[in-house]
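This report describes how the parts of a multi-chain model are arranged. Please keep the sequence and the structure in view while reading.

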Amino acid sequence: MKAVGASAAMAIIGNFFPLEAAKAWAKDASGPLEKKALKIGFIPITCATPIIMADPMGFYAKHGLEGTRVVKAAGWAMIRDWAVSKQVDCAHMLSPMPLALTLGAGSPAVPFLMPAVENINGQAITLHKKYLGKVKSAKDMKGFTFCVPFDYSMHNFLLRYYLAEGGVDPDRDVKIRVVPPPEMVANLRAGNVDGYLAPDPFNQRAVYEGAGYIFMLTRDIWPGHPCCAFAASKEFATIMPNTFKAVFKSLVDATHYAHKAENRKEIAKAISPRNYLNQPKVVVEQVLTGNFPDGKGGDISAPDRIDFDPFPWDSMAVWILTQMKRWGYVKGDVDYNKVAEQVFLATDCRSIMQGEGYKAPAENYKKHVIMGKTFDPSQPEAYIKSFAIRRTS
Amino acid sequence: MKMPLLKVEGVSKYFQDPRSKNEFCVFSDLSLSVKEKEFVAVLGHSGCGKSTLLNIIAGIEKSNGGVVFLDGRQTVKPGLDRMVVFQNFALMPWLSVQGNIRLAVKAAYPEWDKAAINRRVEKYVEMVNLTEARNKKPAELSGGMRQRVGLARAFSVNPRIMLLDEPFAQIDALTRGVIQQELVRMWEDTGITIFMVTHDVDEAILLSDRVLLMTPGPGATLAEEITIPFSRPRTRDRLVEDPAFFKLRDRIVAFLGHRQAA
Amino acid sequence: MSNSNPSTLSVSSAAAVPPSGGAAAKKRAMLKAVDPGPARSAAGSLGQRVGGNWMVLSLFCLLLFLALWQRYSTVGNEKFPSPVVVAEHAWYFLSDPFYDNGPNDQGIGYLVGFSLGRLAVGFLAGSVVAVFLGVVLGLNRTLFKALNPYIQVLRAISPIAWMPLLLYTVQNSGWTALLVVFMASMWPTLANTAFGVNNIKKEYLNVAAILQMPTLAKVFRVILPGAGPAIVAGLRISMGSAWVAIVPAEALLGSLGLGYFVWNEWNNLGIANVIFAILLIGAVGVMLDMLFNRLAKSLAYTD
């Protein structure tokens with residue numbers, strides 16, 4: 001992946017983000033929809049549940065977006081290409097992706113927005129079943145080969161965080177490879193990899209296929225961590241503000257519906273078929289309801305194994321940016337707050353949520369606790385320096 | 001005296017051996033002329049350069065000196081006015097008998113309509129007695145039949161002069177006699193001018209008005225010119241009863257043989 | 001469709017043939033299409049016996065393979081689907097080939113149609129360009145020698161390797177898929193056309209020159225028919241290359257088609273469906289090749 005010099009990044013952001021204009025549209029837009037039949041890209045993983053379910057369960061239609069369909073992409077690179085070349089109007093993305101796209105890290109720089117988070121939690125570290133009972137902590141994982149779905153992903157950052165906290169250098173002591181999720185399961189079964197930190201349903205699938213077991217839910221690394229997001233290009237939001245607002249509303253609506261435990265079974269049924277997730281319904285249900293066999297022989301009940309909360313805390317963006325800097329994906333100085341606020345639209349999400357009658361947090365920043373260590377978003381540089389294992393000085 | 005139809009003046013041809021880089025003279029300073037309606041043959045051993053001479057006249061090979069005049073005008077490129085009949089027939093194997101002739105007729109008369117072209121093609125197919133086989137491809141025809149197509153093709157474009165390059169060399173001896181007679185018939189019927197190269201002494205005497213004897217190369221020349229004294233129609237049966245025929249024949253063979261040895 | 005339990009057919013005799021339906025039956029049906037039938041003319045009983053034998057052998061190999069597959073798929077815990085399971089899954093798709101469940105799930109008939117459509121457009125465009133360039137190069141020896149090294153280099157590059165570059169410049173997956181097919185279709189045809197044109201008997205060109213044929217007429221009446229068999233041979237290889245390229249291109253670009261189907265089923269670890277897709281891809285490939293065989297026969301000539 002390409003590291004971007006900070007001054008270049010700031011210049012790009014300065015050009016594309018006159019501060020005032022960026023705030024204006026979400027509040028005012030309430031006219032007729034510029035376009036109704038949208039194409040929304042998604043990757044068939046449970047993280048995209050709100051985006052996917054909004055199609056068969058009528059949330060898009062409810063907000064006037066008749067004819068809007070969700071279109072399946074084979075991988076993150078494809079979603080990125082589709083979004084950049086406008087083959088889809090907006091898309092399901094990993095939460096670091098809009099940041100990376102805006103900064104021009106790993107692709108041409110195109111300003112993107114992340115108005116809402118899709119899911120929080122919902123991942124796991126899955127290991128090959130031969131390690132049952134043998135691996136207790138990160139230290140036991142030295143020399144392992146891991147997979148993640150993409151470089152700019154919470155999976156990658158959480159895995160690295162977990163390993164580093166255990167004293168394992170993710171660049172030197174283990175191998176981390178980028179692999180599409182179904183191939184992770186196949187590779188695990190074949191014994192080519194030792195484990196992966198992947199989106200569901202591929203962790204549960206490994207248990208279902210008898211290839212591995214769930215070592216740790218990411219909920220236990222950072223409870224409430226963001227994972228995937230709804231993303232749109234700034235161009236889309238500026239040129240079609242009413243449509244943008246309608247999609248925003250549909251997804252906030254769907255996310256809240258998905259948050260309720262009593263709805264999870266119905267949702268699993270709606271999104272399992274071939275044209276959506278294309279996974280066995282029982283696996284999807286196990287993921288969404290949080291009642292599942294863990295592959296170690298036991299059954300677990302963890303209702304917030306995956307949860308849905310749209311609020312894009314700017315502090316989450318800052319955390320992601322610190323990790324990008326920590327591992328050398330971005331070099332030089334970064335104006336954390338500025339970038340975070342331009343991409344993660346906490347303020348606008350709040351106004352939409354309140355507009356739809358949902359409660360929203362009062363602040364845009366808060367402290368997060370990750371593996372027992374507190375992250376203070378007002379001290380990003382100090383935070384990075386507080387880690388023994390990092391790639392920056 | 002009337003201007004000759006074809007005039008070849010001082011034509012030379014050199015080849016360069018690609019390996020030794022030595023220049024090799026095929027022939028130099030050849031001259032000849034052919035009058036309208038004549039049937040002229042060039043007779044010589046294989047390899048003396050007679051086919052090269054014909055190719056130069058046809059325009060499909062370039063000379064290294066000299067000029068070729070047709071109707072008093074210098075020829076530069078190949079053309080329908082000097083149609084060729086090839087030793088190995090050169091028929092398009094994917095076209096039928098009719099198709100091959102049609103290709104030529106269309107090229108010669110581009111402004112004609114379909115009906116006129118079809119009539120012409122049919123006429124020449126009949127002229128060479130191939131009506132039954134008109135839809136066959138060359139692969140389905142014998143050597144003799146193929147050359148008949150070649151002849152029909154050449155006649156059908158009504159060239160100023162027909163150039164025949166050892167036309168019957170690849171046809172079996174039995175069929176050859178029949179086709180030779182047919183050729184003479186067609187020549188007499190159409191009044192066309194024919195220039196033929198051959199290595200067959202009997203054929204030259206049988207068919208042509210004049211024979212030009214070409215010495216073997218390198219540096220071949222047209223050493224002698226013989227006007228054939230026998231009246232037409234000539235048939236093999238009649239000729240073999242004429243002692244003058246054998247005398248002429250022996251003279252030619254001796255000339256060529258003597259030159260060969262020298 | 002989740003992985004069902006493999007059935008336990010007895011495989012003690014070679015007559016343990018899986019029930020009809022789906023890919024296996026398709027294969028047998030195709031074999032029969034090639035088989036001219038038992039009633040041969042009186043070509044001699046010896047010839048008849050020798051001629052008949054290869055079909056029996058072929059059928060036997062197929063049945064043996066299916067039997068072994070059936071046997072070993074039930075061994076171990078790898079859950080590799082047996083021929084019966086594959087046939088069941090195949091039947092599921094083949095029995096309803098034209099359903100439409102939105103942009104991510106359509107009937108197999110549509111998918112094959114999309115793939116073939118893409119193939120047709122890209123292949124046609126690539127072939128026209130390749131034949132044109134091939135004729136130009138074939139007629140001009142110096143130009144041919146000058147450009148041949150580059151052609152050989154380009155020819156060696158897998159069409160899929162072009163994809164990232166194409167996607168980057170063209171910015172559209174649909175066009176990229178077409179261009180991948182275009183690239184795959186070009187080089188074998190170009191090389192073969194140039195070769196064929198170059199090797200046309202000089203006599204045919206001499207005749208064309210003597211007949212004073214204008215260039216266009218010469219190209220269409222003499223050069224193309226003369227080089228026809230070589231061109232068709234090139235087209236046939238290109239078609240194979242293009243069909244091979246289109247499946248991964250679709251999988252990597254997300255365009256609806258057979259390649260997409262493979263990826264979508266793989267995402268669900270649906271091996272049986274992946275096998276069905278593979279067999280279908282192979283079957284279509286064979287049919288395309290048979291088409292070219294026919295074409296080649298009609299354009300062949302004996303010198």
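Domain bounds here are taken from an automatic or database domain assignment. On that basis chain B is divided into domain 1 (1-81 + 161-235) and domain 2 (91-158). The model is predicted, with local features requiring pLDDT of at least 70 and side-chain atom pairs counted only at pLDDT 80 or more, whereas totals for chains, interfaces and linings use all residues. Residues are numbered from 1 along each chain as its sequence is written, and chains are lettered from A and ligands numbered from 1 in the order in which they are written.

**Domains of chain B**

The centres of domain 1 and domain 2 of chain B, taken over C-alpha atoms, are separated by 24 Å. Contact (C-beta atoms, placed from the backbone, within 7 Å) between these domains involves 13 residues from domain 1 of chain B and 12 residues from domain 2 of chain B. On the domain 1 side, helix H5 (residues 173-190) of chain B gives the most, with six residues. Helices (H or I, at least four residues) and strands (E, at least two) are DSSP runs, numbered from the N terminus.

Residue classes count Ala, Val, Leu, Ile, Met, Phe, Trp, Tyr, Cys and Pro as nonpolar, Asp, Glu, Lys and Arg as charged, and the others, Gly among them, as polar. The table gives the classes for two contacts.

| Contact | Nonpolar | Polar | Charged |
|---|---|---|---|
| Side of domain 1 of chain B that touches domain 2 of chain B | eight residues | three residues | two residues |
| H9(C) with H11(C) | 13 residues | three residues | two residues |

**The sheet of chain B**

In chain B, four strands form an open antiparallel sheet in the order E2-E1-E4-E5; strands pair if DSSP finds at least two bridges between them. Strand E2 (23-34) and strand E5 (73-74) of chain B each have a single partner strand, so one side of each is left without a neighbour in the sheet. Strand E1 (residues 6-16) and strand E4 (residues 65-70) of chain B are joined by five bridges, and B:Val8 stands opposite B:Val68 in E4(B).

**Helices of chain C**

Helix H9 (residues 215-253) and helix H11 (residues 271-299) of chain C have axes that come within 9 Å and cross at roughly 170°. Axes are lines fitted to C-alpha atoms, for helices over the stretch in contact, with angles from 0 to 180 degrees between N-to-C directions. H9(C) is therefore roughly antiparallel to H11(C), a term for angles over 145 degrees. Among the residues that meet are C:Trp243 in H9(C) and C:Phe292 in H11(C).

**Chains**

Of the two pairs of chains in contact, chains A and C share the most contacts. Chains A and B do not touch, and their nearest C-alpha atoms are 50 Å apart.

Definitions and conventions. Parallel < 35°, antiparallel > 145°, perpendicular 65-115°, else oblique.
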